[in-house]
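Open the model in your viewer and get ready to select a few things one after another. Each stop tells you what to pick and what to look for there.

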Amino acid sequence: MLVLGIETSCDETAAALVADGTVVRSNVIGSQVERHRPYGGVVPEVAARAHLDLLLPVLDRTLVEGGARYSDLDGIAVTRGPGLVSALLVGLAAAKSLALAGDTPLIGVNHLEGHIYATQLEYGLLEPPIITLLMSGGHTSIALLDEGGTFETIGQTVDDAAGEAFDKIARFLGLDYPGGPEIDKVSRDGDPTAIRFPRAMAGSFDFSLSGLKTAVIRELRRQEAAGEHLDLPSVAASFQEAIVDVAVDKTVRAALSRGVEQIAVAGGVAANSRLRARMVEACEKEGLRLLTPSPALCTDNGAMIAAAGYNRLVQGQRSPDDLGVDPSLTLESSGSPGGGQG
Ligand code: KG4
Ligand code: ZN
């Protein structure tokens with residue numbers, strides 16, 4: 001079954017062809033980073049306009065590189081939320097038009113669920129139960145994916161998302177946008193034990209990251225006021241270590257407490273090299289199976305949407321003709337293929 005995945009929820013205009021929910025035939029991302037860089041963050045109106053410019057060329061390349069025609073498609077999967085409304089609408093309009101023109105089954109996909117199913121592109125079809133850690137720019141949670149494909153949230157952030165914390169601290173450190181990959185890079189030259197930043201909500205499965213952010217900012221101001229040499233790599237590495245520590249600890253504890261033997265780590269922050277290394281270590285120690293997409297498939301892409309859409313299409317699910325976007329979908333609301341204006 002060949003599925004076209006379309007993703008336009010934020011600042012990546014992305015499409016991919018995936019065979020049988022697991023084999024990437026093509027995966028094209030039209031990045032908008034340059035258009036948002038002057039603003040230091042994603043501007044919704046800029047994103048929507050960029051999707052309009054980029055989507056058809058991205059779709060063309062996706063089909064050419066995948067060696068397929070529109071008439072070869074067995075399904076079209078499109079992100080219907082969460083995300084920026086005006087950005088989501090561009091992908092949805094394109095997907096609906098293609099589905100209508102080719103009489104091809106259409107399925108709306110929850111972006112968060114897509115991140116988790118990106119693991120399927122590396123390890124084959126998932127076999128729940130799985131404890132999932134999802135950390136992206138707008139979302140941070142630990143959830144149980146059960147045998148029925150339903151997510152039960154076990155813990156989530158009470159303030160900032162992990163990616164948001166990375167991006168804010170990077171900006172404060174004067175690093176380039178987007179900040180997560182930059183912190184990852186500079187941290188390699190730093191000492192992660194240099195400064196002991198707070199690990200909030202120990203013992204709980206919830207996350208609180210705004211205190212950590214404040215602590216980093218306070219430490220930088222202190223170093224500045226004391227006339228100390230600013231050791232940027234060690235500040236970055238110590239901040240990163242605090243996030244990684246809590247993420248690894250909470251996820252492994254969630255798996256052990258639920259008696260689940262598999263952990264999936266997904267979302268943009270799962271591309272972080274330190275998080276990946278520490279997760280490998282912790283899972284080996286506890287005898288858990290770790291599922292994580294390759295770094296390129298952790299950040300937003302169309303292949304993850306095609307993979308998640310495939311699972312629904314093979315079950316016979318279809319989205320109705322009046323499928324709408326839903327900017328505030330949660331992982332737990334991913335049970336339905338969507339309808340109405342939402
Ligand atoms: O999943 P994603 O591509 O988009 C959303 O759905 O939000 O995640 C983007 C987030 C950004 O905050 C970005 O800084 C962060 O993921 N990120 C990273 C790394 N690569 C991307 N954070 C830490 N280390 C990385 N290597
Ligand atoms: Zn995402």
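Start by selecting the shell of residues around ligand 1: sorted by class, it holds 10 polar, four nonpolar and three charged residues. Keep in mind as you look that this is a predicted model. Now zoom in on the residues that come nearest to ligand 1, which are His115, Gly137, Asp167, Asp184 and Asn272, out of 17 around it.

Next, colour the helices. Which helices each supply at least two residues of the shell around ligand 1? They are helix 4 (111-117), helix 6 (162-172) and helix 7 (179-187).

Stay with the ligand and show some distances. Pick the side chain of Asp167: one of its N or O atoms is 2.6 Å from an oxygen atom of ligand 1. Then pick the side chain of Asp184, where an N or O atom is 2.9 Å from a nitrogen atom of the ligand. For a backbone example, select Gly268, which has a polar backbone atom 3.0 Å from an oxygen atom of ligand 1. How much of ligand 1 does the protein bury? Taken alone, the ligand exposes 550 Å², and the protein buries 88% of that.

Click on Ala143 and look across to strand 8: Thr153 stands opposite. Then follow the chain through the hairpin, which has five residues between the strands, and stop at Gly149, whose phi is positive, near 85°.

The last stops are about backbone geometry. Most peptide bonds are trans, and most residues other than glycine have a negative phi.

- Select Gly81 and Pro82, which are joined by a cis peptide bond with omega about -10°. Pro82 lies in the loop between strand 4 (75-81) and helix 3 (85-102).
- Select Pro128 and Pro129, where a cis peptide bond has omega about 10°. Pro129 belongs to the loop between helix 5 (120-123) and strand 6 (130-135).
- Select Asp103, a residue other than glycine with a positive phi, near 50°. Look for Asp103 in the loop between helix 3 and strand 5 (106-110).

Note on methods: Residues are numbered from 1 along each chain as its sequence is written. Chains are lettered from A and ligands numbered from 1 in the order in which they are written. This is a predicted model: local features need pLDDT of at least 70, side-chain atom pairs count only at pLDDT 80 or more; totals for chains, interfaces and linings use all residues. Side-chain values use heavy atoms; hydrogens and water are left out. A residue is near a molecule or strand if one of its heavy atoms lies within 4 Å of it. A polar contact is a pair of N or O atoms within 3.5 Å; within protein, one must be able to donate a hydrogen and the other to accept it, and residues adjacent in sequence count only if both atoms are side-chain atoms. Accessible areas come from the Shrake-Rupley method with a 1.4 Å probe; for residues, only the protein chains shown count as cover. Helices (H or I, at least four residues) and strands (E, at least two) are DSSP runs, numbered from the N terminus. Ala, Val, Leu, Ile, Met, Phe, Trp, Tyr, Cys and Pro count as nonpolar, Asp, Glu, Lys and Arg as charged, and the others, Gly among them, as polar. Two strands pair if DSSP finds at least two bridges between them.
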